[in-house]
Every structure is written in structure tokens, then in C-alpha cells.
There are 2 protein chains.
Amino acid sequence: MGAPVERTRIRRLPDKAVREREALHGVLDAGMVAHVAFVDDDQPYAIPVAYGRDGDTVLFHGSTGSRLFRLLAGGAPCCLSVTLLDGLILARSAFEASMRYRSAMVLGRCTVIEDQVAALRTISEHLVPGRWDVVRPPSRKELAATLVLALPLDEWSLKVSDGWPETSPEDEGWSPPTGVIPIRTVLDDFVEGEA
Amino acid sequence: MGAPVERTRIRRLPDKAVREREALHGVLDAGMVAHVAFVDDDQPYAIPVAYGRDGDTVLFHGSTGSRLFRLLAGGAPCCLSVTLLDGLILARSAFEASMRYRSAMVLGRCTVIEDQVAALRTISEHLVPGRWDVVRPPSRKELAATLVLALPLDEWSLKVSDGWPETSPEDEGWSPPTGVIPIRTVLDDFVEGEA
């Protein structure tokens, strides 16, 4: 575990590192969009995906026609990050201005999930609990067009910033209001409609 | 522009591609966190950063002690993505379930900004307008510990999903409620306090 642990060791602001797996699960369960980083022809990309979690595995899906998904299905190294922004921290100095956030990062290689339906259900239930049981299940043709990938929670880091603004002796004489502007993601009432 | 245009051509769901630069600016201006993808030792990473926009340049900053920032300052290829999640689209079928989103992706290499103060002000004003003028400006020592990077909006894509659920002949006989759960990011009232 030498190299893996090293790769996800938090070097910047190490006091914000969280090691509890339950906290990692909590952040993944609270998010709705992950950014997956991969490399194609020496160019890195970060692409948003919907996802779900099954125990110690992150599941996400895409089209068999997608370059991203074909590369990842082939076992290319990737990074899946979920960042929840919880607030803006307003300090006395410009330098100490920062954010409240919870940021999870998972490194590894994906495997292709054969039991697509169970995995797709997990992703669906993560986003809209109860929905899977009332919609038309995927057809054979739809499943053939879908790649479902699994990334294990083996090599990961979690960074949580949930504090208050710091002040320093240099700030003496500066007294703007200091504190936090909390940020929330709100799901509004369902709006019925169809294309 | 052959290769660059090809690299950011939207292949999946090309009808969602938006080419207007004003729309790109709008998404960047509405976001607060970007994910920057880069490669270190064959491993891709996607790391969240605060950012701002100055005309056709995205600005972001970090510590001179950060591996990410040193790599990017050295001109490593990167990808900066900003994704705004606007809603969950509930269709009759599992397959057509999707999201409303606005997703911007910028490819390129960063340059190091010498005029740090103006750039830091731009980032600060993007997040908390008016704040810069009331806080203690960065000291020489603080600036020496800060790298400010600029990524030009030369090679980019924007994908916007803002529609309603699609239905297909296969869905006949399935009639769950269909529509959209809108999602918003809300900034709550300022809470005063200090560490």
C-alpha cells in the first residue's frame, strides 16, 4: 500500500484530511455529480457523470459509443472526484478567504459490470429513491448500448473544510464583518411535463 | 484549429452543444467551483478549485507548495470543467432518465500570472462581490506563497441539457409521473463568526 497511500496522502492543509470510510460514504451519498478525470492522447479530461454507491464501489454508466467510457472500460487509470460546496468563508484578509467544502477523490481503474440492471438501479435509487420501481426497465437493446463501470473505494482521500475564518496578527486594524455564507443545494418541487 | 476543434467537438448528444462564447461566459460566471484535471506520473487527477473569469481567461490560484499548481505552472496540459446541475429529469423509462445541466470544459495549458493582485481580486469579486475592497490585501509574503494561473478560453466546449423527458413507443403502458425536479444552489444569510 506504499505507493497508493502516498498518492492520496493530503499534503496541502493536512489537518483537513478525514480518514473514516463512513465519512467518505457520506460525501459520496450526498453528491449527485462526480467529475471523472482520464487521459486520452496525453490530454487530461474531467467529465461530469451521475453515479451511485454500492458498499465500497462507485458505479457510473455511459454509452458504449462514448470515448470516455470505452477508455475507462479498457482499464485506463482514472480519478473520480465529488465536491460539495458548503459555504464561503469571509476572513479579515484576502489571503484567508476560503470555502467550506467536502471533497472526495478516488483513484483507480474501473471494471465493467456484467449485472447491469442491479447497478443501474443503484444509480437511479441514489438520485431519485423509489423511482426505479415505477419506470419501464431497460430493454435488451438499451442495455447493449450501455456500459456500467465500477470503481472500488480502495485508494481515496477525503478533505473536509468546515471551520470559521482564521485571523492573524497582520490583520490588526482591519475589521470587516467575518464569518460564513452557507451554501445549500435545494431540490424544488417536481414539475410535471414531457417533451 | 483542426485538432483543437476535434478534441472539443461534442460527440455524445451533439444537439446539446452550444457554441456561443457568451453562453460559456455565463456558465463560468454562474459557477463557484471548477474541477481541474491534470496528469502526474501517468495518474490523472481531478481537483476542485475556486476561480474567476477575466474576459476570455479563467483565473485560479493555489499554493506554491502544491504539486498540482507547480505542474500546471510548468505548462502541463490540463482540463478545467465547470458543471452546474439544474435538475433531475424523470422519464417513463429508466433509460431516458437524465439530468438538466450546463457543463463547460476548457482544454489548454496555463500561464503564470505576474500581476497577482489584480487576478486575485477578480477571483474574489467573482465569489463575493465587493469583498476585496474591505479586506486586508495580500502581503508580499502571502503573494510569494501564491501561484496564480491563467487558462485561455481558446479550446472549449459547452453542453447544455435543459429539456423535458423523452418518451418512446416502447414506453406504452408505463405511466409514472414524468417531469423535472429543479435543482438550485442557494446562498443563505451570512453567519458572523471567527475561529
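The structure you are looking at is a predicted model, and every value here is computed from it.

**Two loop residues**

B:Asp42 sits in the loop between strand 1 (33-40) and strand 2 of chain B. Its phi is positive, about 70°, although it is not a glycine. Most residues other than glycine have a negative phi. In chain A, A:Asp41 is also worth a look: it has a positive phi of about 55° and is not a glycine. You will find A:Asp41 in the loop between strand 1 and strand 2 of chain A. Because A:Asp41 has 7 C-beta neighbours inside 10 Å, it counts as exposed.

**Chain A at a glance**

Chain A has 195 residues, of which 37% count as buried. Its secondary structure comes to 5 helices and 10 strands, and its C-alpha trace spans about 70 × 50 × 30 Å along the principal axes. Among contacts in chain A with a separation of 6 or more, 74% are between residues 24 or more positions apart.

**How the strands pair**

| Strands | Bridges | Facing residues |
|---|---|---|
| Strand 4 and strand 5 of chain A | 12 bridges | A:Leu85 and A:Tyr101 |
| Strand 5 and strand 8 of chain A | 7 bridges | A:Ala104 and A:Leu158 |
| Strand 2 and strand 3 of chain B | 4 bridges | B:Gly52 and B:Leu59 |
| Strand 3 and strand 7 of chain B | 7 bridges | B:His61 and B:Val148 |
| Strand 9 of chain A and strand 9 of chain B | 5 bridges | A:Arg184 and B:Val186 |

Strand 5 of chain A pairs with strand 4 and with strand 8 (residues 155-161). Of the 12 residues in strand 5 of chain A, 9 are buried, so this strand is largely enclosed by the rest of the structure.

In chain B, strand 3 (residues 57-63) pairs with strand 2 (residues 43-54) and with strand 7 (residues 146-152). Strands 2 and 3 of chain B form a hairpin with 2 residues between them. In that turn, B:Gly55 has a positive phi of about 60°.

**A helix against the strands**

Helix 4 of chain B covers residues 116-127. At 1.5 Å a residue, its 12 residues should span 16 Å, and the end C-alpha atoms are 17 Å apart, which agrees. The buried residues of this helix are B:Ala119, B:Leu120, B:Arg121, B:Thr122, B:Ile123 and B:Ser124. They pack against strand 2, strand 3 and strand 7 of chain B, the strands joined by the pairings of strand 3 described above.

**Where the two chains meet**

The contact takes 78 residues from chain A and 78 residues from chain B. On the side of chain A, the elements that give two or more residues include strand 1 (33-40), strand 2 (43-54), strand 4 (77-90), strand 5 (98-109) and helix 4 (116-127). Strand 9 of chain A makes the largest share of that side, with 9 residues. By type, the contact residues of chain A divide into 45 nonpolar, 17 polar and 16 charged. Strand 9 of chain A also pairs with strand 9 (residues 179-187) of chain B, in the antiparallel sense.

How are the two copies related? Chain A can be laid on chain B by a turn of 180° and a shift of 0.0 Å along the axis, with an RMSD of 0.0 Å. The copies are therefore related as by a two-fold rotation axis. A:Thr185 is the residue of chain A that comes closest to this axis, with its C-alpha at 2.3 Å. The same surface serves both copies, as 100% of the contact residues of chain A recur in chain B.

**The core**

The largest nonpolar core has 101 residues, and those with the most contacts inside it are A:Ala37 and B:Ala37. Leaving aside residues up to four places away in sequence, A:Ala37 touches residues of its own chain, including A:Pro44, A:Tyr45, A:Cys78 and A:Cys79. A:Ala37 also touches B:Ala37, B:Pro44, B:Tyr45 and B:Ala46 in chain B.

Definitions and conventions
Residues are numbered from 1 along each chain as its sequence is written. Chains are lettered from A and ligands numbered from 1 in the order in which they are written. This is a predicted model: local features need pLDDT of at least 70, side-chain atom pairs count only at pLDDT 80 or more; totals for chains, interfaces and linings use all residues. A nonpolar core is a set of buried Ala, Val, Leu, Ile, Met, Phe, Trp, Tyr and Cys residues joined through C-beta atoms within 7 Å. A residue is buried if 20 or more other C-beta atoms lie within 10 Å of its own, exposed if 12 or fewer, and partly exposed in between; C-beta atoms are placed from the backbone. Two residues are in contact if their C-beta atoms, placed from the backbone, lie within 7 Å. Ala, Val, Leu, Ile, Met, Phe, Trp, Tyr, Cys and Pro count as nonpolar, Asp, Glu, Lys and Arg as charged, and the others, Gly among them, as polar. Two strands pair if DSSP finds at least two bridges between them. Copies are superposed by least squares on the C-alpha atoms of residues with pLDDT of at least 70 in both. The expected span of a helix is 1.5 Å times one less than its number of residues.
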